[in-house]
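Please examine the sequence and the model that follow.

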Amino acid sequence: MVVERGRSSGAAAVGAVCAGLVLATLAATGCSGLGTVAAADPSEAEARAAVREAAGALARAGTSRVRTTVEMNSGGTRITIRGTGAFDYGRCTGRLRVVLPREATGEDERRPIVELVTPGALYMRNRGAGVPDGKWVRVDTAALPDGNLVTGGATDPVSAAELLRGARSVSFLGEERFRGETVLHYRGTVDLAAAARSADRRWREQLASAADGLSGRTVAFDAYVDERGRLRKVRHRFVFPPAAGAPGGTPGAPGSGHRGGEVSVVSTTVLHGFGTPVEVELPEPEDIYTGRVAVP
């Protein structure tokens with residue numbers, strides 16, 4: 001169940017936070033495979049259809065638990081950000097608990113960042129960098145250069161699945177075992193512009209931002225779909241340009257002055273525990289910080 005108690009447009013200055021969580025960590029600076037057990041050979045059209053329909057299958061599934069991993073490699077240094085949570089796919093709403101590594105924060109004690117994902121907005125608590133304790137920061141996801149595909153420290157499962165609506169050049173790699181179940185492994189590329197056009201209307205604007213902000217027009221992926229058509233695991237490989245304007249001009253964010261070539265980010269999203277109860281309670285307007293956010 002999703003409880004929406006309050007909304008706020010925030011302040012323009014809060015836009016600086018959008019790159020501060022994940023993208024700024026690049027300045028400071030895969031997943032294990034599954035055992036193949038069999039291989040069939042559906043046509044490319046059938047493989048492409050199976051991947052594109054995964055988002056609809058998730059909506060029918062209702063809810064699940066989620067694990068996320070974002071791996072960034074910059075200047076030979078790798079930073080991994082992990083998250084856990086749960087999502088309601090019918091409402092496209094969820095909650096994540098994201099932990100930044102010490103390398104990204106410079107602090108020994110890593111306080112988890114709580115994130116609420118909703119269509120068009122990302123809410124973050126424990127954001128730090130000038131935000132008072134207990135206050136939330138609200139970010140317009142359509143204003144982010146990557147459409148919040150990795151800015152929040154995770155690729156939420158709704159965005160991950162909606163991206164696949166733009167799948168093309170898909171190959172079927174065989175059946176594999178995942179968490180005791182048989183899944184079908186597909187590999188291909190996503191046309192970002194096509195994904196934005198085909199996505200659920202609540203996700204189109206932010207995916208259109210990603211199509212404009214990422215390097216190139218395509219994103220490589222590996223997707224694992226179960227026998228009910230539900231997405232169980234997906235890995236995307238994003239590439240960020242070295243000099244495209246990131247909101248707030250956050251130092252080290254892809255495109256905000258970080259030199260040395262394009263930056264690659266590998267994001268993996270795992271879905272499990274389907275049917276788990278999900279409750280997301282949005283903050284009241286008075287609990288949302290509207291002041292200027294310092295850059296880490």
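Are Phe172 and Tyr186 buried or exposed? In this predicted model, Phe172 and Tyr186 are both buried. These residues deserve attention because a search of the whole structure finds one aromatic pair, and the rings of Phe172 and Tyr186 form it, with centres 5.3 Å apart and planes at 50 degrees, so that the pair is tilted. Planes under 30 degrees apart would count as stacked and those over 60 as edge-to-face. The pair also connects distant parts of the chain: Phe172 belongs to strand β9 (residues 167-178) and Tyr186 to strand β10 (residues 181-191), 14 residues apart.

Rings also take part in contacts with charged groups. The charged end of Arg230 is placed over the ring of Phe274, at 4.1 Å from the ring centre. Lys233, in turn, lies over the face of Tyr224, 5.3 Å from the centre of that ring.

Arg230 leads on to the salt bridges. Side chains of opposite charge can pair when their charged atoms come close. A search of the whole structure finds eleven salt bridges. In one of them, the side chains of Arg230 and Asp226 meet at 2.7 Å, N to O. Both Arg230 and Asp226 are buried. Through shared partners, salt bridges join Glu181, Asp226, Arg230 and Arg232 into one network.

Asp191 lies in β10, whereas Arg217 lies in the loop between α7 (204-213) and β11 (218-226), so the pair ties together parts that are 26 residues apart in sequence.

The last stop is helix α3 (residues 54-61). Its buried residues are Ala54, Ala55, Gly56, Ala57 and Leu58. Which elements cover these buried residues of α3? The cover includes α2 (44-52), α5 (157-163), β12 (231-240) and β13 (263-272). After α3 comes Gly62, which has a positive phi, near 95 degrees.

Notes. Residues numbered from 1 in each chain as written. Predicted model: local features only at pLDDT ≥ 70, side-chain atom pairs only at ≥ 80, totals over all residues. Heavy atoms only, no water. Phe/Tyr/Trp six-rings, centres within 6.5 Å; stacked < 30°, edge-to-face > 60°. Helix = DSSP H or I, 4+ residues; strand = E, 2+ residues; numbered from the N terminus. Buried < 20%, exposed > 50% of the residue type's maximum accessible area, 1.4 Å probe, protein only. Lys NZ or Arg CZ within 6 Å of the ring centre and 35° of its normal. Contact = heavy atoms within 4.5 Å. Salt bridge = Lys/Arg side-chain N within 4 Å of Asp/Glu carboxyl O.
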